[in-house]
Amino acid sequence: MNAVTGKVLLGAPMDPSPAASETMVAVARNHGVSPFHQMREMTSMRFGPGKLANHEYYSTGVFDPEISIEDKKRYVGKVGSFEINVAASPLKLTKSRAFVRDKVLYTSLLTQLDLPTTETQAVVHTTRMFGSLPVLRTVSDVEGFLRDTARYPLFVKPCAGSGGVGSASIESCEADVLSLGNGQQADVSGFAKEVVEDYPEGFIFQTAVTQHPDLVQMAGEAVGTMRVVTTRD
């Protein structure tokens, strides 16, 4: 397989388009839900407490007639989830949110508290210092790390942002070619340039986390996550 010469890091998903008429027809045929009933449900759920967008109505499978209306109302869309987070995390009670968002600093704190967390092997940033962590300043620095220092497999991601944008798994590096977890291969120099030029707020190289063998048997090798939500009155 030839190495990819363009950008390889995960980009932001495009805004989903409104539900296509073919999808509506397919649901009507396969599930016996008329287009009129789908439209009525979509409108109700879009303006309901869960704020479920039209495309989420289909992607979550809420159209299924086997789901009761009570259960359908429990579904929460992206907008609804955001509103819940804002309500549960008022600014006056969460003044440390900037610290929590700092992926390098917060991970280091967890390590100091002897809590199990990810291992940061190096950080890319042109000016900032990160204590005892190796800092890569230039494209050449990143290239050298990937060729000579990194312990694979790696999970890499930007210091800022969410939703997996800019992330990737790197399985190995051989002959200046990186083998990515999605089956692609990338040129070391091109990858290093992408990291430095596209992510000025910093970029993190971490040791990849492996799923527990018992969980692999149940859910596959992709690492599952659990979000813990705390509230303060």
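This is a predicted model: local features need pLDDT of at least 70, side-chain atom pairs count only at pLDDT 80 or more; totals for chains, interfaces and linings use all residues.
**Entry 1: a hairpin**

How many residues lie between β4 and β5 in their hairpin? I looked and found two, and Ala175 in the turn has a positive phi of about 55 degrees. My labels come from DSSP runs: helices are H or I with at least four residues, strands are E with at least two, and the numbering starts at the N terminus.

Residues are numbered from 1 along each chain as its sequence is written, and side-chain values use heavy atoms, with hydrogens and water left out.

**Entry 2: the sheet**

I followed the strands next, counting two as paired if DSSP finds at least two bridges between them. There is an open sheet of seven strands with mixed pairing, in the order β2-β1-β7-β3-β4-β5-β6. At the edges I found β2 (135-136) and β6 (185-187), each pairing on one side only.

- β1 (residues 120-124) runs parallel to β2, with two bridges, and Val123 stands opposite Val135 in β2.
- β3 and β4 are antiparallel and share three bridges; Phe155 has Ser169 in β4 as its bridge partner.
- β4 and β5 are antiparallel too, joined by four bridges, with Cys173 opposite Leu178 in β5.

**Entry 3: the cores**

Then I went looking for nonpolar cores, meaning sets of buried Ala, Val, Leu, Ile, Met, Phe, Trp, Tyr and Cys residues joined through side-chain atoms within 4.5 Å. Buried is under 20% relative accessible area, exposed is over 50%, and partly exposed is in between (1.4 Å probe, protein chains only). The largest core has 24 residues, and Leu146, Val156, Phe191 and Phe205 touch the most other members. Several elements each supply at least two residues, among them β1, α8 and β7. Helix α9 gives the largest share, five residues. I also found a second, separate core of 10 residues, including Met24, Val27, Tyr57 and Phe63.

**Entry 4: rings**

I counted seven aromatic pairs in the whole structure. Rings of Phe, Tyr and Trp (its six-membered ring) pair if their centres lie within 6.5 Å; planes under 30 degrees apart are stacked, over 60 edge-to-face, and the rest tilted. Tyr58 and Phe63 make a tilted pair, 6.0 Å centre to centre with 40 degrees between the planes. Tyr58 is buried because its relative accessibility is 12%, and Phe63 is buried as well, with a relative accessible area of 12%.

Phe145 and Phe205 have ring centres 5.1 Å apart and planes at 50 degrees, so this pair is tilted. Phe145 sits in helix α8 (residues 139-149) and Phe205 in strand β7 (residues 203-207), 60 residues apart, so to speak a link between distant parts of the chain. Both are buried. Ring pairs also join Phe145, Tyr199, Phe203 and Phe205 into a cluster.

**Entry 5: Met39**

Is Met39 buried or partly exposed? It is partly exposed, because its relative accessible area is 40%. Met39 belongs to helix α2 (residues 35-46). Its C-alpha atom is 53 Å from that of Arg137, 98 residues apart along the chain.
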